[in-house]
Amino acid sequence: MGPLSRLIVKEVKDLLRDPRILIGMIVLPAAMYPVMGLAMGTAMSAGAREALERPIAVLDLDRSPESEAFTRSLGESANLVELEPGVDPEAEAAEIGAGGLIVVPEGFGASLRSGSRAQLRVACFLRGSSISETMFASRLEEVVRSAAEGVSREMISSAGLDPDVALNPIDPSYTTFLKGRRFDLSPGVVASLLAGTSSTLPMVAFVVIIMGMQLAATSVAVEKEEKTLETLLSLPISRRDVLLAKLVGSLIVAAAGSVGIMAGMLYYMQVFQALGESPPPIEMGPASPLSALAMGLSLLVGNLMVLTLATVVAVFSEDVRSAQSAVGVLIPLILIPMLMSMFTDPWTLPEPVRTVILAFPFTHIGLATSASFWWEPGPLALSLGYMALWTVALVVLAERLFWSEKVLTGRLPWARPRGGGG
Amino acid sequence: MLAVAVRDLVKRYGRVEALRGLSFSVEEGEVYGLIGPNGAGKTTTLRIIATLLRPDSGRVEVFGLDALERPLEVRRIISYLPEEAGAYRNLTGEEYLRFMAGFYAEDEGELEEMVERGAEISGLGDRLRDKTKTYSKGMKRRLALARALMVRPRLAILDEPTSGLDVVHAHHVRRVIREFAEEEGVTIIVSSHNMLEVQQLCDRVGLIHRGRLVEEGAPEELLGKYGASNLEDVFVEVVRVGAAE
């Protein structure tokens, strides 16, 4: 085994065996989403069941064929309790624990027969702001809307028309073109899928990058904290190997941790899909295998860039805590351009703003990932090239720091002064 | 042959002048002690010889190799034990020794030989199978010393090897250094502010005060020259005379 591989194996082993990293940065974040999904899923299932079973009180003061048809229609989709006229409906509804009260006033049928809209009084009794209450509130409105549609259908049928045609007379066939790709879907569906994709991609990149930065900074700072750095630097090995081992080791552990987090997130999303949200009608994946490869390359180059930056910062840190707080300062600098690339296309911004944003290297992590996804070779090459330039510059800087005394004597301005040796 | 030749070393940290023209030399096979109070410049000197720091001026040669021009070659023949050196918390003692030996051993056989020697020097027995985070300070120091010596360097640079250790661990460390020097013929530079310890360990000592070598010689020779009973008294006398002049 060569010196570099030996160093990488040590880095990975040491990082993965550190409980602060294994539990705090890999196990907990990976378990967080499934646990959250399970908790939310359980709460939502229970809420949905309660919303379904909760009675709705109805008082028919009209007693016309139309009002009876409406009440019948309500009963098809709700746990209905009919109240007798002459009682205080709100007090009675509260007495039986109803979540909603629907009062069909006198003249309901007459209005419909004369071609006017009929009046209806609906009261909702919410007990708080829990999931079951909000679900019941939506359900009450849905039950009323559905019963009203039932009345419409009966009126349309009695006029000798097909209710399906009368209510939905046009069947449009949509085709939406997006960046040269064709989707046989309505623009609304494509837009909602696009919103999901444009927020998911930078989010994935962000998770991987933040984790990698923390690991790279920790792996350098822990050498200082545990007083192993001096020994390491006095060994007959190139300092470039020491630096590369730190970057590659952090990248490997971050990738492993990210896979765990992504698996957790997928599980979390599946929980919600299983609760009734229909899955997207098509997979909106990368354009081709080449595009997927470019996405991987974009993430790799972006990661190397920020890991090297974290390493440079960690060189000036006294211990793990000061290294992590220094990395914490950098996170907004990476997050802000990433968020911008999520919500806006920097190329469409006015000239001065565009120049500033595009000059910022972290903007290109999101841009390169997105350009890979949509396979736009021009912007992709530009972003990748720009990130590669920054990465090389940072690696050269980091290597110089590793060759200089700064790696032993450098410290952040806010770090505690250290007692000198003899 | 000279193992180490240090000439006119000057080193500044900002406005603080840590070394002010320090010169001394160490013969091959010698145990040389650098003694002086905290802040005298001992650690800075050892770090420069170990190629970790660069002086502002002056020269250092290790077995004829220019330490400033050929640091990687120098690192192949030296072993440096920093003051308060730690070990990787999540590796076992044995894994740590194996990891370090891998950078020096030519083949698997030599690697095993080094690890075996390291285990013997450390005297940690079965505890070598435990992670180093469970070790006491003394055990960590024994492991670090074993790491430094197991590779049989031509020059071992040991910075305050017994600093902060209890009597038992300090005795073990001193015994190992002495035996290793005698049996293996390795040249050793050891720094300490414990002058009595250096008196027991070293063939020759150099007294450093405020970045300068103020006296040098065999312990007995210095005791005789200053009519003192120990090196501490010698140091006080040297500093007093220096201040008077």
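Modeller: Let's start where helix H3 (residues 65–77) of chain A meets helix H6 (residues 131–158) of chain A: their axes come within 8 Å and cross at roughly 130°. Helices here are DSSP runs of H or I, at least four residues, numbered from the N terminus. The axes are lines fitted to C-alpha atoms over the stretch in contact, with angles from 0 to 180 degrees between N-to-C directions. H3(A) and H6(A) are therefore oblique to each other; angles under 35 degrees count as roughly parallel, over 145 as roughly antiparallel, 65 to 115 as roughly perpendicular and the rest as oblique. H3(A) passes H6(A) in a right-handed crossing, where right-handed says that the near helix is turned clockwise from the far one by less than a right angle, and left-handed that it is turned anticlockwise.

Before going on, bear in mind that this is a predicted model, in which local features need pLDDT of at least 70 and side-chain atom pairs count only at pLDDT 80 or more, while totals for chains, interfaces and linings use all residues. Residues are numbered from 1 along each chain as its sequence is written, and chains are lettered from A and ligands numbered from 1 in the order in which they are written.

Now the residues. On the H3(A) side the contact includes Glu66(A), Phe70(A) and Leu74(A), and on the H6(A) side Val143(A), Ala147(A) and Glu154(A) are among them; contact asks for C-beta atoms, placed from the backbone, within 7 Å. By class, H3(A) with H6(A) has 6 nonpolar, 4 polar and 2 charged residues. Nonpolar covers Ala, Val, Leu, Ile, Met, Phe, Trp, Tyr, Cys and Pro, charged covers Asp, Glu, Lys and Arg, and the others, Gly among them, are polar.

The class count for H11(A) with H15(A) is 18 nonpolar, 5 polar and no charged residues.

Terms used
Helices (H or I, at least four residues) and strands (E, at least two) are DSSP runs, numbered from the N terminus. Two residues are in contact if their C-beta atoms, placed from the backbone, lie within 7 Å.
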